[in-house]
Amino acid sequence: MADWKEEVENVVYSGRIKVPYKWYVGEVGSRFLIAIRDKKEIWGTKCPKCKKVYVPPQKNCGECFELTDEWVKVKDTGTLESFTVARYSHDMQPTKQPIAYGLIKLDGADGALLHMIGDTDLGKLKVGMKVKAVFADKREGTILDIKHFTPA
């Protein structure tokens, strides 16, 4: 008996679909986004054991797995730890190209937050420069309520 797969021609269709969805960010993510939306404040969670402050907040410490139920307010300023500039358009990008993305270590936090860099000459971006959050005028409870970070 012949293997039926030998008689089948493989057909590949290249295409793209968009699948809209809603994603529940949980109680920790909700509290973080609501503080940005309603108060223009950035909060993180602090591990009771190793004292690391996580922004964005985490429910458990990634190092020692302790419950991180202490909330601490961090500053809306920080240091640009790394960055990249995308010079192509993609419909998933929230703004027109070129667009800069940076890892920002906020003052008072131990990790870095990935976000956009704006209102600056992208050629002047440097690792180690101080940046400040610029909040959107109309905030809706998403990470884009921080419009971008700009040199401080």
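This report looks at salt bridges in a predicted model.

## The overall count

Let's start with the total: seven salt bridges are found in this structure. Three of these pairs are described below, among them Lys59 with Glu27, Asp38 with Arg37 and Asp76 with Lys132.

## Lys59 and Glu27

Here the closest N and O atoms sit 3.7 Å apart, which falls within the 4 Å cut-off for a salt bridge. Glu27 belongs to helix H1 (residues 26–39), while Lys59 is in the loop between strand S2 (53–54) and strand S3 (70–74), so the pair ties together parts that are 32 residues apart in sequence.

As for solvent, Glu27 counts as exposed, at 56% relative accessibility.

## Asp76 and Lys132

For this salt bridge, the closest N and O atoms are 3.0 Å apart. Lys132 is part of strand S7 (residues 130–135) and Asp76 is in the loop between S3 and strand S4 (77–86), so this contact ties together parts that are 56 residues apart in sequence.

Asp76 has a relative accessible area of 23% and is partly exposed. That value is not under 20%, so Asp76 does not count as buried. Lys132 is partly exposed too, with a relative accessible area of 35%.

## Asp38 and Arg37

Finally, Asp38 forms a salt bridge with Arg37, and their closest N and O atoms are 2.6 Å apart. How accessible is Asp38? Asp38 counts as partly exposed, at 47% relative accessibility. Arg37 is partly exposed as well, with a relative accessible area of 29%.

Methods. Residues are numbered from 1 along each chain as its sequence is written. This is a predicted model: local features need pLDDT of at least 70, side-chain atom pairs count only at pLDDT 80 or more; totals for chains, interfaces and linings use all residues. Side-chain values use heavy atoms; hydrogens and water are left out. A salt bridge is a side-chain nitrogen of Lys or Arg within 4 Å of a carboxyl oxygen of Asp or Glu. Helices (H or I, at least four residues) and strands (E, at least two) are DSSP runs, numbered from the N terminus. Buried means under 20% relative accessible area, exposed over 50%, partly exposed in between (1.4 Å probe, protein chains only).
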